Amino acid sequence: MNDDLTTLRKKVEDLDQKLLALLQERTLSVRKIGKVKQSMGLPVENREFEMEKLEKYALAAESMGVNPELVQNIFEEIFWDSKQQQGY
């Protein structure tokens, strides 16, 4: 039984590392988006876009059996950081 717990914890840790790598990749892309927005004279913040994505991701989470509030909270933080990365 203890081996099962160790194996499961290792799997979760591996998944966490993948999440971190995805966040790093996302951050690099967001910085590029910020440069494009700046060159086009567009504002960093697009609240309508954010709200559409939050709704979409919450619905997707719910259909996957994941807590939609958790997903919304996570993405609100991700969006906040994205704006900071873009010079908001």
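I count two residues as in contact when heavy atoms lie within 4.5 Å. The model I am reading is predicted.

**Entry 1: helix 2 itself.** I looked up its extent. Helix 2 runs over residues 47–63, with 17 residues. From first C-alpha to last it reaches 24 Å, close to the 24 Å expected at 1.5 Å a residue.

**Entry 2: the two sides.** Which residues of helix 2 are buried? I found Glu50, Leu54, Ala58 and Ala61. They cover an arc of only 70° around the axis, which puts them on the same side of helix 2. Then I turned to the face away from the buried side. That face carries the exposed residues Glu48, Glu55, Lys56, Leu59 and Ser63.

**Entry 3: the partner.** What do the buried residues of helix 2 pack against? I traced them to helix 3, residues 68–85. The two helices pack at an angle of about 145°. Their axes are 9 Å apart. I logged the crossing of helix 2 past helix 3 as right-handed.

**Entry 4: the contact.** I listed who meets whom. Helix 2 brings Glu50, Lys53, Leu54, Tyr57, Ala58, Ala61 and Glu62. Helix 3 answers with Pro68, Val71, Gln72, Phe75, Glu76, Phe79 and Lys83. I sorted the residues of this contact into 8 nonpolar, 1 polar and 5 charged.

**Entry 5: after the helix.** Last, I checked what comes after helix 2. Gly65 follows helix 2, and its phi is positive, near 80°.

How values were computed: Residues are numbered from 1 along each chain as its sequence is written. This is a predicted model: local features need pLDDT of at least 70, side-chain atom pairs count only at pLDDT 80 or more; totals for chains, interfaces and linings use all residues. Side-chain values use heavy atoms; hydrogens and water are left out. Helices (H or I, at least four residues) and strands (E, at least two) are DSSP runs, numbered from the N terminus. The expected span of a helix is 1.5 Å times one less than its number of residues. Buried means under 20% relative accessible area, exposed over 50%, partly exposed in between (1.4 Å probe, protein chains only). The arc is that of the directions from the helix axis to the C-beta atoms. Axes are lines fitted to C-alpha atoms, for helices over the stretch in contact, and angles run from 0 to 180 degrees between N-to-C directions. A crossing is left-handed if the near helix is turned anticlockwise from the far one by less than a right angle, and right-handed if clockwise. Ala, Val, Leu, Ile, Met, Phe, Trp, Tyr, Cys and Pro count as nonpolar, Asp, Glu, Lys and Arg as charged, and the others, Gly among them, as polar.
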